Every structure is written in structure tokens, then in C-alpha cells.
Amino acid sequence: RLKINELFSDPDTMCNKAKIIPESQSKVRYWFDRGYELHVVTARVPEIRFKTVEMVNKHYPEIPFIHFVGFNESKNKTLQKISPDLFIDDSPKNVLNALDIGINTIMVSNRYTKYNHHIRSKVKWVNNLMEIDL
């Protein structure tokens with residue numbers, strides 16, 4: 001458990017070595033080109049927030065707004081503040097919390113997110129961003 005927590009605090013693991021799915025980049029670009037205002041709401045420890053901003057700016061320059069919450073903290077306060085038309089996440093807790101406050105939410109759930117399969121019957125879910133039409 002300590003090793004896992006260390007990895008979540010490691011900028012190399014969480015940012016530099018993060019695997020970016022090319023299709024996600026093209027989908028974000030597609031949404032941006034159609035005039036959507038894009039935000040990232042992410043849970044990060046303070047030590048890696050700067051590197052997270054660098055990573056988002058490098059791979060998703062169309063996303064100008066990056067909001068941080070504490071690790072294991074609910075994203076609801078930030079979601080209420082920005083009032084998104086749609087919230088996309090893979091965390092079962094964040095998905096259910098967002099639905100509880102009335103935010104239109106889609107969960108990404110695939111072979112890499114086995115930790116969220118238990119709530120698939122309760123939420124709208126997709127395998128990847130390419131399946132989402134706005």
C-alpha cells in the first residue's frame with residue numbers, strides 16, 4: 001500500500017510515463033474545434049501538480065482549465081463551481097457522487113478499469129472517449 005501511494009506522488013510515474021491514448025487526443029481536439037469549453041478535474045498530491053499541468057498542456061493543449069482536488073477528495077465542490085454539461089471519469093466514487101448532485105456523467109470502464117465494473121449497471125458507461133458523442 002505504501003508503494004502504491006508513493007507511485008501516486010511520483011511525477012515520473014504519474015506524468016512523464018503516463019500513456020496517452022492517441023484517440024483521446026483527437027477526440028478532445030474534435031470537441032474543442034466544435035466550441036466546447038474543456039476542463040480537467042483531477043485528484044493529485046501537491047508535489048506533482050506542476051508536472052500534471054505540463055503534461056496536460058503538452059498532450060491536450062485544447063484544455064485550458066485544470067482543477068485540482070486533494071487525493072481521495074470528492075470532486076463535487078469543483079464540479080458544482082464549474083457546472084459542466086458533462087462529467088467523464090473512471091472513479092466509481094466520483095461518478096456516483098456527481099450523479100448524486102445532478103451532473104450528467106459518463107464513466108469510462110474497460111479492461112484497465114476493473115475497479116469500476118461493479119457499478120456498470122447503475123451508470124452510463126463507455127469503453128473510451130471515442131464512444132462519446134456530444
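Let me begin with the conventions. The model is predicted, so local features are reported only at pLDDT of at least 70 and side-chain atom pairs only at pLDDT 80 or more, while totals for chains, interfaces and linings use all residues. Residues are numbered from 1 along each chain as its sequence is written, and side-chain values rest on heavy atoms, with hydrogens and water left out. Helices (H or I, at least four residues) and strands (E, at least two) are DSSP runs, numbered from the N terminus.

I start with helix 3. Its 12 residues, 22-33, should span 16 Å at 1.5 Å a residue, and the end C-alpha atoms are 17 Å apart, which agrees. The expected span here is 1.5 Å times one less than the number of residues. Which residues of helix 3 are buried? They are Ser24, Gln25, Lys27, Val28 and Trp31. Seen down the helix axis, these buried residues of helix 3 fall within an arc of 165 degrees, so they line one face; the arc is that of the directions from the helix axis to the C-beta atoms. As background, an α-helix has 3.6 residues a turn, so residues three or four places apart point the same way. Burial means under 20% relative accessible area, exposure over 50%, and partly exposed is the range in between, with a 1.4 Å probe and protein chains only. The face of helix 3 turned away from the buried side carries the exposed Pro22 and Asp33. The buried residues pack against helix 4 (49-59) and strand 3 (87-89), where contact means heavy atoms within 4.5 Å. After helix 3 comes Gly35, with a positive phi near 95 degrees.

Helix 4 may be described in the same terms. Thr52, Met55 and Val56 are buried in helix 4. These residues cover an arc of only 95 degrees around the axis, which puts them on the same side of helix 4. Phe50 and Lys58 are exposed on the other side. The buried residues of helix 4 pack against helix 2 (11-16), strand 1 and strand 2.

That brings me to the strands. In strand 1 (residues 39-43), 4 of the 5 residues are buried, so the strand is largely enclosed by the rest of the structure. Strand 1 pairs with strand 2 in the parallel sense over 5 bridges; pairing requires that DSSP finds at least two bridges between the strands. The bridge partner of His39 in strand 2 is Phe65.

There is also an open sheet of 3 strands, in the order 3-4-5, with parallel pairing. Strand 3 and strand 5 (125-126) stand at its edges with a single partner strand each, so one side of each has no neighbour in the sheet. Strand 4 (residues 105-108) pairs with strand 5 over 2 bridges in the parallel sense, and Val108 stands opposite Val126 of strand 5.

Next, the rings. How many aromatic pairs does a search of the whole structure find? The search returns 1. Rings of Phe, Tyr and Trp (its six-membered ring) pair if their centres lie within 6.5 Å, with planes under 30 degrees apart counted as stacked, over 60 as edge-to-face and the rest as tilted. The ring centres of Phe8 and Phe71 are 4.9 Å apart and the planes stand at 45 degrees, so this pair is tilted. The pair links distant parts of the chain, 63 residues apart: Phe8 is in helix 1 (residues 2-8), and Phe71 is in the loop between strand 2 (65-69) and helix 5 (76-82). Phe8 is partly exposed at 32% relative accessibility, and Phe71 is partly exposed at 33%.

Separately, the charged end of Arg120 sits over the ring of Trp125, 3.7 Å from its centre. The criterion is NZ of Lys or CZ of Arg within 6 Å of the ring centre and within 35 degrees of the ring normal.

I close with asparagines. Asn116, in the loop between strand 4 and strand 5, is buried at 0% relative accessibility. Leaving aside neighbours within four places in sequence, Asn116 is in contact with Asp90, Pro92, Met107, Val108 and Ser109. Asn72, in the loop between strand 2 and helix 5, has a positive phi of about 65 degrees although it is not a glycine. Asn72 is exposed, with a relative accessible area of 63%.
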